Amino acid sequence: MLDKTKAIHLIGIGGVGMSALAELLVTLGYKVTGSERFLDSGKRLPVLVALESQGIVLFPQTGEGIDPATTGAIVASTAIESTNPDIAAANRFGIPILHRSEALAQCLENHKLIAIAGTCGKSTTTAMVGHLLAEVGLSPLVVNGAAVVNWRSETRTGAVFSGSGEYAVAEVDESDKSLMNFHPALAVITNCSADHFCLLETNELFDAFKKQVKDKVIDGRVEQIPEIIEGEWSVEFDYKGNHFLVPLPGKHNGENAYWAVRVAETLGIPLEKAAAALTTFGGVARRLELVGTKDGARIIDEYAHNTEKLRASIMTMQARAKRVLVLWRPHGYAPLKKMFSALEEMFAKTLRPSDALYLLPVFDAGGTTSRTIQSDELAAALKQHGVNVEYVLTHEEAFNKISPQLAQGVYVGVFGARDPELTETANRLCH
């Protein structure tokens with residue numbers, strides 16, 4: 001069990017999932033320290049500034065933040081390798097190491113947990129459910145995998161809503177099968193597609209998860225979704241005599257909103273109250289986030305990193321723009337290799353002759369992963385299909401190529417996970 005008399009040390013605390021856990025732990029009264037490899041290079045990310053403002057002590061990822069006298073537990077994600085200096089220090093001192101999902105499950109065990117699973121849409125659906133429950137007065141404790149615009153400030157990451165009610169809402173992850181550490185009262189499975197595993201294995205994983213849910217599962221694999229109508233920067237649908245409008249673009253956001261409505265319905269919340277709550281939802285950071293405009297062009301920051309998410313986001317922008325410029329950085333070598341054929345087909349079929357794609361090198365998180373594939377191979381394959389694509393080595397090169405093309409009717413989508421410089425580039429393009 002987590003001990004409030006000693007510090008809990010989070011490795012990679014600047015990541016979206018780990019920073020949210022850090023903020024939750026502080027909210028619940030735990031002492032927290034953390035390490036972040038970006039500190040090793042002196043890079044002060046805004047999320048680290050926010051965490052420090054909450055009293056969290058940060059260290060480089062060198063093992064120096066692990067103190068056997070004051071550190072009670074280490075928390076790491078699946079991405080952290082056994083050779084990490086903090087892991088080595090914990091093993092040397094005999095300090096227990098927990099997976100992020102195990103720590104999160106412990107933090108939420110005294111609540112009625114609403115768990116949001118699925119290949120796509122988890123973060124936005126979690127945010128919508130949390131926002132809806134908060135707006136109708138249920139004061140949920142919410143832990144998301146991304147910042148919620150309504151909750152974000154200079155001193156808060158925006159990924160946690162610190163409610164005091166009986167319900168907790170949390171995103172649970174299939175990518176490393178850690179969703180199996182949760183036994184929620186209510187669960188949503190938004191959808192299922194091949195991403196980290198093949199389609200069959202992913203379906204089997206969700207089926208196994210369903211057996212751990214105590215009360216009800218809202219399963220997007222089998223439920224019929226109402227017709228989603230798109231506006232310029234909104235989506236709407238009708239359900240059981242009620243009209244729902246969400247101020248976000250994209251049919252997939254209409255689907256996310258529908259799952260939030262189904263949760264509300266299951267909890268006995270009047271649908272007219274759910275509809276009113278969704279109209280005030282401000283969106284999720286890096287989920288089709290409109291960060292600004294320049295010379296008439298709209299700049300979108302988007303976390304999309306797999307084939308289906310990229311396709312959905314690109315098509316959402318295409319429906320509103322004469323021309324779409326896509327900047328994408330693959331978030332890992334193994335995912336790029338696994339999704340290569342699907343990505344090649346998707347980009348070739350989705351991008352129009354007027355659109356352009358700029359591919360950055362694979363984000364290298366270190367470790368011993370195989371580096372036998374690079375983004376230039378995808379660029380070369382796409383050129384054979386006639387796609388207007390360029391391989392760019394740096395963010396600076398990408399900025400210099402994209403910024404002269406900003407004009408009325410142009411949308412720029414900055415896509416990818418893990419790399420914090422993507423958001424920096426998106427914001428820079430607005431100025």
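Student: In which kind of crossing does H8 pass H9, left-handed or right-handed?

Tutor: H8 passes H9 in a right-handed crossing. Keep in mind that this is a predicted model.

Student: What about the axes of H8 and H9, at roughly what angle do they cross?

Tutor: The axes of helix H8 (residues 251–266) and helix H9 (residues 271–278) cross at roughly 145° and come within 10 Å.

Student: Which residues make the contact?

Tutor: From H8 there are Ala257, Val261, Ala264 and Glu265, and from H9 there are Leu271, Ala274 and Leu278.

Student: Switching to rings. How many aromatic pairs are there?

Tutor: The count comes to seven aromatic pairs, with ring centres within 6.5 Å as the rule. In one of them, phenylalanine 237 and phenylalanine 244, the ring centres are 5.1 Å apart and the planes are at 20°, so the pair is stacked.

Student: Are phenylalanine 237 and phenylalanine 244 buried or exposed?

Tutor: Phenylalanine 237 and phenylalanine 244 are both buried.

Student: Which residues form a cluster with them?

Tutor: Phe237 and Phe244 form one aromatic cluster with Tyr239, Tyr258 and Trp259.

Student: Why is the pair of tryptophan 328 and phenylalanine 347 called tilted?

Tutor: Because the planes of tryptophan 328 and phenylalanine 347 are at 50°, the pair is tilted; the ring centres are 5.9 Å apart.

Student: Where do those two residues lie?

Tutor: Tryptophan 328 lies in strand S17 (residues 323–328) and phenylalanine 347 in helix H11 (residues 333–350), so the pair ties together parts that are 19 residues apart in sequence. Tryptophan 328 is buried, at a relative accessible area of 1%, and phenylalanine 347 is buried too, at 0%.

Student: New topic. Where is glycine 118?

Tutor: Glycine 118 is in the loop between strand S6 (112–117) and helix H6 (122–135). The residue is buried, with a relative accessible area of 0%.

Student: What is glycine 118 in contact with, leaving aside neighbours within four places in sequence?

Tutor: With those neighbours left aside, the contacts of glycine 118 are Glu174, Ile189, Thr190, Asn191 and Phe206.

Key: Residues numbered from 1 in each chain as written. Predicted model: local features only at pLDDT ≥ 70, side-chain atom pairs only at ≥ 80, totals over all residues. Heavy atoms only, no water. Phe/Tyr/Trp six-rings, centres within 6.5 Å; stacked < 30°, edge-to-face > 60°. Buried < 20%, exposed > 50% of the residue type's maximum accessible area, 1.4 Å probe, protein only. Helix = DSSP H or I, 4+ residues; strand = E, 2+ residues; numbered from the N terminus. Axes fitted to C-alpha atoms, helices over the stretch in contact; angles between N-to-C directions. Left-handed = near helix turned anticlockwise from the far one by under 90°. Contact = heavy atoms within 4.5 Å.
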